[in-house]
Amino acid sequence: MSLPHETAGADLLFLREEQLRLAQTLMFLASRDMAQAVEPVLEEDGLGHAHYRVLQVLAFSPGIPVSRLQAVLGVTKQSLGRTMHELEARQYLESQPGRQDRRQRLLFLSPAGKAAEARLFAVVRQRLVAAYREAGGAAVEGFRRVMRGMLSEQSRSVLNEDAAGKKGGRHGA
């Protein structure tokens, strides 16, 4: 049996430098591998990663104003404009005027945009399901807590707005 002073702090070993570096490496590699996993679908549809990011945001935040999309993505107006123009030309986006401010453009995925995003999400979903099954429920909840803990205030507000929108019925079929 181990003595209390021998185990004190043992549950904090994950805070050691090498463990934090390992976490950074795992996040980098997972991000790279997920990007590579969706690459064939992007190529098939003639899309790039910027297009994919816009499709992702519109999938979890339908009706987002253009200015908010720009802030969420952290891109310049010019860069976003180019990407949106290409998605609009493919008829992947729809826009509606704002309810309070008719000059505001609220963005949605069109049926073609939803189909493209669904093909991309199917690849991600397959990877997540396999990883979640391997890890188990407690690990998945821990993973979510860690990821939420890493979010900036701006990203947390996106997540909170998304959750509020789903409760309010904004994310309908």
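**Reading the terms of this model**

Q: Which residues does Leu47 touch, not counting residues up to four places away in sequence?
A: Leaving out residues up to four places away in sequence, Leu47 touches Leu42, Leu55, Leu87, Arg90 and Tyr92. The model is a predicted one.

Q: Where is Leu47 found, and why does Leu47 count as buried?
A: Leu47 is in the loop between H2 and H3. Its relative accessibility is 7%, and buried means under 20%, so Leu47 counts as buried.

Q: What is the burial class of Ser61, and why?
A: Ser61 has a relative accessible area of 7%. The limit for buried is under 20%, and therefore Ser61 is buried. Ser61 lies in the loop between H3 and strand E1 (64-65). Its C-alpha is 8.2 Å from that of Glu161, although the two are 100 residues apart in sequence.

Q: How do you know whether Thr83 is buried or exposed?
A: The value for Thr83 is 9% relative accessible area. Buried means under 20% and exposed over 50%, so Thr83 is buried. Thr83 is part of helix H5. Apart from neighbours within four places in sequence, Thr83 is in contact with Ala50, His51 and Val54.

Q: What makes Glu17 and Arg21 a salt bridge?
A: The side chains of Glu17 and Arg21 meet at 3.7 Å, N to O. A salt bridge needs the nitrogen within 4 Å of a carboxyl oxygen, so the pair qualifies as one. Both residues lie in helix H2, 4 residues apart, about one turn of the helix.

Q: Why is Glu17 placed in its accessibility class?
A: Glu17 has a relative accessible area of 51%. Exposed means over 50%, so Glu17 is exposed.

Q: How far apart are the closest N and O atoms of Asp33 and Arg32, and how accessible is each residue?
A: The closest N and O atoms of Asp33 and Arg32 are 2.9 Å apart. The cut-off is 4 Å, so the two form a salt bridge. Asp33 has a relative accessible area of 27% and Arg32 has 37%.

Q: What makes Asp45 and Arg119 a salt bridge, and which parts of the chain does the pair link?
A: Their side chains meet at 2.6 Å, N to O, and the cut-off is 4 Å, so the pair is a salt bridge. The pair links distant parts of the chain, with Asp45 in helix H2 and Arg119 in helix H6, 74 residues apart. Asp45, at 12% relative accessibility, counts as buried, because buried means under 20%. Arg119, at 34%, is partly exposed. The structure holds 6 salt bridges.

Q: Which members of the largest nonpolar core touch the most other members?
A: Val38, Val54, Leu55, Leu58, Leu69, Leu87 and Leu120 touch the most other members of this core of 24 residues. At least two core residues each come from H2, H3, H4, helix H5 (77-89), strand E3 (105-109) and H6. H3 supplies the largest share, 5 residues. In soluble globular proteins, nonpolar side chains tend to be buried together.

Q: What is Leu120 in contact with, leaving aside its neighbours within four places in sequence?
A: Leu120 is in contact with Val38, Val41, Leu42, Tyr52 and Leu55.

Q: What is the volume of the largest pocket, and which residues are closest to its centre?
A: The volume of the largest pocket is about 2500 Å³. Its lining has 48 residues, and those closest to the centre are Val124, Leu128, Tyr132, Phe143 and Met147. Elements that give two or more residues to the lining include helix H6 (111-135), helix H7 (137-150) and helix H8 (153-167). H2 gives the most, with 10 residues.

Q: How do the residues of the lining of the largest pocket divide?
A: The lining holds 33 nonpolar, 8 polar and 7 charged residues.

Q: How many helices and strands does the protein have, and what share of its residues is buried?
A: The protein has 8 helices and 3 strands, in the sequence pattern α-α-α-β-α-α-β-β-α-α-α. Of its 173 residues, 24% are buried.

Notes. Residues are numbered from 1 along each chain as its sequence is written. This is a predicted model: local features need pLDDT of at least 70, side-chain atom pairs count only at pLDDT 80 or more; totals for chains, interfaces and linings use all residues. Side-chain values use heavy atoms; hydrogens and water are left out. On a 1 Å grid over the protein atoms alone, a cavity is a set of points where a 1.4 Å probe fits but cannot get out, and a pocket is an open set with protein on both sides within 12 Å along at least five of seven lines; lining residues have an atom within 4 Å of a point. Grid points are joined across faces, edges and corners, and a volume is the space filled by probe spheres set on the points. Ala, Val, Leu, Ile, Met, Phe, Trp, Tyr, Cys and Pro count as nonpolar, Asp, Glu, Lys and Arg as charged, and the others, Gly among them, as polar. Buried means under 20% relative accessible area, exposed over 50%, partly exposed in between (1.4 Å probe, protein chains only). A nonpolar core is a set of buried Ala, Val, Leu, Ile, Met, Phe, Trp, Tyr and Cys residues joined through side-chain atoms within 4.5 Å. Contact means heavy atoms within 4.5 Å.
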